[in-house]
Amino acid sequence: MTIRSFVYTASVMVLAALAPLSANGEFEADSAPRTKKAVKAGPSPVIAAMKKVKKIKNRVNEKADYFVFLYSASWCGPCCKEMPEIVKLYKEMKRSGKVDIILFCHDKTPKAAADFVKQFKIRFLTVMSSDKNAPKVPGFSSPGGIPHCCIVDRNGKVITQGHPQNVLENWKDVTINNDATNEN
């Protein structure tokens, strides 16, 4: 056997081994190529649940792949101190088109929450954390204290959580940049 015929035979054997087979053991010629990129399977459970929660202000980006759940209140000094930075950061998140913020407001009344939104010119979705449907949102948690935030994927799986300053410092790495890494 010559080297050329050996290489040809070996190549054919490798291709045959890698070719997809049907259930009855026959080759499938028109099988679609498989890719590593995850395909969005249907509507987001987070979006579906958010449609049942009464909104104080604004609406959610239904095309987002990630959500920052921010737990905050107007009576919380640290929450008020960091809110201007979060509002600025939101503009960048919104431009990405892949990340959105949902504020779960821990105020006692919807009016107090609406005043909080107006005071800081909050443009992201705000809901009352006390709404009976809020705990049904996948990924929702009742933090031990505020301010608190977590980043969840579109299915509600918590990716990271903690103090907003720490979590939001790396929001791109756990969302947009993480997607780019997974596509390769």
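**Reading the sheet, starting from a hairpin**

Modeller: In this predicted model, strand 5 and strand 6 form a hairpin with four residues between them, and glycine 156 in the turn has a positive phi of about 95 degrees.

Colleague: How many bridges join strand 5 to strand 6, and in which direction do the two strands run?

Modeller: Strands of a sheet pair through backbone hydrogen bonds, in either a parallel or an antiparallel manner. Here strand 5 and strand 6 run antiparallel and are joined by four bridges, and cysteine 149 has glycine 162 in strand 6 as its bridge partner. Strand 5 is also joined to strand 2, again antiparallel, by six bridges, with tyrosine 71 standing opposite histidine 148 of strand 5.

Colleague: Which residues of strand 5 lie on one side, and which on the other?

Modeller: In a regular strand the side chains alternate between the two faces of the sheet. In strand 5, His148, Cys150 and Val152 lie on one side, while Cys149, Ile151 and Asp153 lie on the other, and all of them are buried. Because six of the six residues of strand 5 (residues 148-153) are buried, this strand is largely enclosed by the rest of the structure.

Colleague: In what order do the six strands form the open sheet, and which strands stand at the edges?

Modeller: The order is 1-4-3-2-5-6, with mixed pairing. Strand 1 (55-57) and strand 6 (158-162) stand at the edges, each with a single partner strand, so one side of each is left without a neighbour in the sheet. Direction ignored, neighbouring strands of this sheet are turned by 25 degrees against each other on average.

Methods
Residues numbered from 1 in each chain as written. Predicted model: local features only at pLDDT ≥ 70, side-chain atom pairs only at ≥ 80, totals over all residues. Heavy atoms only, no water. Pairing = 2+ DSSP bridges. Axes fitted to C-alpha atoms, helices over the stretch in contact; angles between N-to-C directions. Buried < 20%, exposed > 50% of the residue type's maximum accessible area, 1.4 Å probe, protein only.
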